[in-house]
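Me: Could you walk me through some of the labels used for this model? I'd like to see what stands behind each one.

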Amino acid sequence: MNNMDFDAIVIGTGFGGLYAIKKLRDELNLKVRAFDKASEVGGTWFWNTYPGALSDSETHLYRYCWEKDLLQSFDIKNKYINGPDVLNYLKAVAEKHDLRKNIDFNTGIESARFDDKNNLWKVTTDKGQTYTARYLITALGLLSAPNLPKIKGIKDFKGELHHTSRWPENVDVSGKRVAVIGTGSTGVQVITALAPKVKHLTVLQRSAQYSVPIGNSPLAEEEKLFIRSNYDQIWDQVWNSALGFGLKESDRPTFSVTPEERTAIFEEAWQKGGGFRFMFETFGDIATNMDANIEAQNFIKNKIAEIVKDPETAQKLMPKDLYAKRPLCDSGYYSVFNRDNVSLEDVKTNPIQEITESGVLLADGKFIELDMLICATGFDAVDGNYIRMDIRGKNGLEMKDYWKEGPSSYLGVTVANYPNMFMVLGPNGPFTNLPPSIETQVEWISDIIQYAQEQKIIAIEAPQAEEENWTKTCAEIAEQTLFPKADSWIFGANIPGKKNTVYFYMGGLKEYRSVLAETRQNNFSSFKLIVESDLKNAAVAS
Ligand code: FAD
Ligand code: NA7
């Protein structure tokens with residue numbers, strides 16, 4: 001056995017990386033080192049500190065299922081947890097399990113190279129240090145690599161320029177003329193939060209979005225008690241669901257009820273709140289049947305027309321696409337446009353021509369003078385952070401070349417040609433409330449590593465054929481839905497030049513868990529497993 005610095009290197013310390021450290025260190029007794037560019041744990045919630053940042057997964061399900069003590073001791077306040085509280089929760093997890101001692105913060109990993117001869121990974125930091133480890137766990141985040149729009153002149157802007165996922169401390173918006181580019185989940189949140197605080201807010205909208213109320217409110221004492229005392233049953237339902245959002249996915253067809261009943265069902269969901277609830281708890285075919293989708297679209301469009309007083313603005317806010325992106329929910333987004341200090345520009349029909357030192361010039365010649373420009377322009381999702389690093393597998397194969405036709409994986413966790421590398425939320429992993437999927441993957445990774453340790457396996461690799469099958473399965477499932485027909489980050493359509501392909505397994509959490517469980521039951525026999533003695537025998541034979 002070679003001398004290695006560590007048994008396992010973990011990159012990233014969000015939900016995924018933190019749990020990986022704990023599992024591998026405390027349960028497998030491995031020597032583990034983790035790295036993060038950030039100065040603190042939290043991942044997404046360390047970086048996304050923009051005003052209004054809120055999880056749209058319900059508080060008691062946006063956490064680790066296994067961390068029952070913190071559920072009892074932590075105040076779960078509201079139905080939905082805001083960004084600062086998620087960060088505090090993850091800090092508390094790190095504190096409780098003493099995870100920080102295994103982490104190098106403020107340390108980016110620039111390259112990771114597989115050493116074919118010794119079956120280990122060599123990882124180099126942005127400080128020039130190189131470390132070796134048998135296993136590499138990449139918990140890089142799927143919504144983590146910021147997408148800065150390439151708009152002419154953006155670098156010349158002399159006012160404050162912020163991307164929502166790199167929000168500095170102490171930003172003061174009061175008395176300022178502010179514009180927000182982007183009306184995705186983040187844009188909707190930041191626009192709603194900032195509107196009452198700024199002098200003037202201009203929303204630069206390229207694609208209008210369907211959004212429903214989130215329905216956030218403080219939890220009553222009896223609701224908290226219910227969650228705390230029924231936690232196991234609640235999570236049992238999550239593990240046996242498709243989306244892991246704690247809702248019962250409907251199997252009722254949209255057209256199985258009368259139009260009046262349909263409106264009443266949508267109205268009830270609108271009043272209750274929740275984006276995933278509206279799309280998946282009302283009817284079972286909104287995401288798969290075009291006519292059903294149109295019914296949901298029309299309901300939301302009617303709401304926009306009711307809420308927004310100026311008919312021209314209401315018209316601009318009505319989406320032209322299908323209702324088939326990650327479903328959004330908000331805390332009063334559409335009514336923001338009734339404020340005197342908010343204006344909406346449709347930059348699809350009247351594009352941003354350029355950004356100057358003092359504002360934004362639109363194609364029709366209109367100039368918007370600004371003190372601050374906020375880019376809520378999303379992320380190079382899923383594979384973005386992989387491509388931004390120099391990752392090389394067997395025979396020096398560069399990941400950006402291997403994935404140039406779109407990323408691929410076997411089961412969302414492993415990649416052919418990249419032995420002993422395990423991804424958390426890698427491409428073609430499940431499309432769900434994410435903490436349950438993260439837990440599922442980290443537990444599986446821990447199991448396969450444990451198996452390797454016990455069996456003296458020194459290299460675990462996904463076979464190419466298995467990877468191709470998995471990619472095909474993911475594509476076939478996605479094709480049964482309407483999601484590929486709408487342009488969004490879910491299919492890579494938000495980044496100019498990015499391959500528009502399948503990035504998620506949409507077969508559901510329960511099914512995904514059973515696929516992983518099967519590999520475990522079969523002693524991971526669908527993988528190429530190389531035992532130390534195989535190598536010695538091969539060397540002797542040659
Ligand atoms: P992350 O939390 O993204 O952590 C990745 C870490 O890796 C980061 O800290 C990053 O600095 C580090 N890293 C990356 N590359 C390197 C490198 N080369 N070197 C060193 N460090 C590196 N999901 C839901 O399920 N429900 C929600 O309501 C929800 N809301 C969201 C709201 C926002 C604004 C965003 C951006 C995402 C949201 N998500 C939501 C998705 C969220 O990203 C996941 O739920 C979860 O936090 C991901 O955890 P992670 O550990 O996999 O990755
Ligand atoms: P999204 O959902 O990718 O939204 C990004 C928004 O920014 C969207 O409205 C884009 O318009 C817009 N955008 C991006 N580039 C430009 C340019 N160049 N010009 C104008 N408008 C632009 O990212 P979010 O951060 O909101 O949400 C991502 C996920 O994070 C979300 O689903 C949650 O899970 C948390 P477009 O639609 O492409 O026309």
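This is a predicted model: local features need pLDDT of at least 70, side-chain atom pairs count only at pLDDT 80 or more; totals for chains, interfaces and linings use all residues.

Me: Why do β15 and β16 count as paired strands?

Reply: Pairing needs at least two bridges. β15 and β16 (residues 359-362) have three, in the antiparallel sense, so they qualify as a pair. One bridge links E354 to L361 in β16.

Me: What makes β15 and β17 the edges of the sheet?

Reply: The order in this open sheet is β15-β16-β17, with antiparallel pairing. β15 (352-355) and β17 (367-369) each have a single partner strand, so one side of each has no neighbour in the sheet. On average, neighbouring strands here are turned by 20° against each other, direction ignored.

Me: What makes T183 a polar contact of ligand 2?

Reply: The cut-off for a pair of N or O atoms is 3.5 Å. A backbone N or O atom of T183 lies 2.9 Å from an oxygen atom of ligand 2, so the pair counts. S207 passes too, because an N or O atom in its side chain is 2.5 Å from a ligand 2 oxygen. T183 and S207 are among the residues that come nearest to ligand 2, out of 17 around it.

Me: How do you know what kind of residues line the second largest pocket?

Reply: The lining divides into nine nonpolar, seven polar and one charged. This pocket has a volume of about 370 Å³. Of its 17 lining residues, those closest to the centre include A242, F280 and M506. Ala, Phe and Met count as nonpolar, so A242, F280 and M506 belong to the nonpolar group.

Notes:
Residues are numbered from 1 along each chain as its sequence is written. Chains are lettered from A and ligands numbered from 1 in the order in which they are written. Side-chain values use heavy atoms; hydrogens and water are left out. Helices (H or I, at least four residues) and strands (E, at least two) are DSSP runs, numbered from the N terminus. Axes are lines fitted to C-alpha atoms, for helices over the stretch in contact, and angles run from 0 to 180 degrees between N-to-C directions. On a 1 Å grid over the protein atoms alone, a cavity is a set of points where a 1.4 Å probe fits but cannot get out, and a pocket is an open set with protein on both sides within 12 Å along at least five of seven lines; lining residues have an atom within 4 Å of a point. Grid points are joined across faces, edges and corners, and a volume is the space filled by probe spheres set on the points. A residue is near a molecule or strand if one of its heavy atoms lies within 4 Å of it. A polar contact is a pair of N or O atoms within 3.5 Å; within protein, one must be able to donate a hydrogen and the other to accept it, and residues adjacent in sequence count only if both atoms are side-chain atoms.
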